[in-house]
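The following note sets out points on the structure shown below.

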Amino acid sequence: MLSTRRAASSVLLTCLMVAGCSPTALGGSTSSGSPSATSAASGAAGAGRAIAVGAGPQKTYTVQQQPAAGSCHYQYLKGEPLEDPKCTPGAISPAVTQSNLKSTICRKGGYTSGIRPSTSVTGKEKELNAASYGFTGRMGDAEYDHLISLQLGGDPNDYRNLWVEPADPGHRKGSGVNNAKDPVETKLHTAVCKGKVTLAAAQQAIVTDWTTALSRLGLG
């Protein structure tokens, strides 16, 4: 499945990185962000599919419905956990675009802290999503992760952009969250803000396969 996803996106990613092509989208969510929400036509171009557009930052977040228990299945590449693309395909925020990077994700003083849902919301969602994925490990060692991180314009609370990410191989139980995906997200954010890659290219790379996102974009 991974090789198919990578192959389907190679031509489009080249277009995004080199030519700066305008992405198109299919799909989004209503303000509820629930699995039954109807898709709308807007977003970023994707690996044979579009990335959905979520509701964006909200003044008040509510606990989102999650996929049915046991319906999602992790993939593993060299031991690293990857999301189930059927359950967690990613969703972007309409509040972040290529044209407003300086006032959103690239602004001085930070952006993500002001739009992040409270733990009273995400804590409940994490438990529900763990059931979706059949996760039975230590919850304290698993991250309730934005597939497209907030610093890359990911939607803050769309169920399609959040998953319980298991600990990396060799992780010491009880030592808390420490995932290899996090520094990848930071490097992509830096590259976007420096103009080395487009926002759409970074978003597409992370949803295609976060373990190869940097090499795919020529960032290491």
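1. Contact is used throughout for heavy atoms within 4.5 Å. The model under review is a predicted one. With residues up to four places away in sequence set aside, H189 is in contact with I105, C106, Q151 and L152. H189 belongs to helix α3, which spans residues 181-193. Its relative accessibility is 16%, so H189 counts as buried, the limit for that class being under 20%.

2. On overall architecture, the protein chain contains 5 helices and 6 strands. Read from the N terminus, their order is α-β-β-β-β-α-β-β-α-α-α. Of the 220 residues in the chain, 51% count as buried. Where contacts join residues at least 6 apart in sequence, 73% of them link residues at least 24 apart.

3. How many disulfides does a search of the whole structure find? The search finds 2. One of them joins C72 to C87, with an S to S distance of 2.1 Å. C72 is in the loop between β1 and β2, while C87 is in the loop between β3 (80-82) and β4 (91-92); the pair therefore ties together parts that are 15 residues apart in sequence. The torsion about the S-S bond of C72 and C87 is about -100°, and the disulfide is therefore left-handed. C72 is buried, at a relative accessible area of 2%. C87 is also buried, at a relative accessible area of 8%.

4. A disulfide also joins C106 to C193, with an S to S distance of 2.0 Å. C106 is placed in the loop between β4 and α2 (119-133), and C193 in helix α3, so this pair ties together parts that are 87 residues apart in sequence. The torsion about the S-S bond of C106 and C193 is about -90°, which means that the disulfide is left-handed. C106 has a relative accessibility of 24% and counts as partly exposed. C193 is partly exposed as well, with a relative accessible area of 33%. The link to point 1 should be noted: C106 is one of the residues in contact with H189, and H189 is found in helix α3, where C193 also lies.

5. How do α3 and α4 run relative to each other? Their axes come within 9 Å and cross at roughly 165°. Because angles over 145 degrees count as roughly antiparallel, α3 and α4 are assigned to that class. The crossing of α3 past α4 is right-handed. On the α3 side, the residues that meet α4 are K181, V184, E185, L188 and V192; on the α4 side, their partners are L199, A202 and I206. By class, this contact of α3 with α4 has 6 nonpolar, no polar and 2 charged residues.

6. Is helix α4 enclosed or open to the outside? Of the 10 residues of α4 (residues 199-208), 10 are buried, so the helix is largely enclosed by the rest of the structure. The buried residues include Q203, Q204 and T208, as well as L199, A202 and I206, which were named in point 5 as meeting α3.

7. Is A69 buried or exposed? A69 is exposed, with a relative accessible area of 64%. The residue lies in the loop between β1 (52-53) and β2 (75-77), the loop that also holds C72. Apart from residues up to four places away in sequence, A69 touches A131 and S132. A69 and A131 are 62 residues apart in sequence, and their C-alpha atoms are 4.9 Å apart in space.

8. The last point concerns T122, whose place is in helix α2. With a relative accessible area of 16%, T122 is buried. Not counting residues up to four places away in sequence, T122 touches P117 and Y144.

Methods. Residues are numbered from 1 along each chain as its sequence is written. This is a predicted model: local features need pLDDT of at least 70, side-chain atom pairs count only at pLDDT 80 or more; totals for chains, interfaces and linings use all residues. Side-chain values use heavy atoms; hydrogens and water are left out. Helices (H or I, at least four residues) and strands (E, at least two) are DSSP runs, numbered from the N terminus. Buried means under 20% relative accessible area, exposed over 50%, partly exposed in between (1.4 Å probe, protein chains only). Axes are lines fitted to C-alpha atoms, for helices over the stretch in contact, and angles run from 0 to 180 degrees between N-to-C directions. Angles under 35 degrees count as roughly parallel, over 145 as roughly antiparallel, 65 to 115 as roughly perpendicular and the rest as oblique. A crossing is left-handed if the near helix is turned anticlockwise from the far one by less than a right angle, and right-handed if clockwise. Ala, Val, Leu, Ile, Met, Phe, Trp, Tyr, Cys and Pro count as nonpolar, Asp, Glu, Lys and Arg as charged, and the others, Gly among them, as polar. A disulfide is a pair of cysteine sulfur atoms within 2.5 Å.
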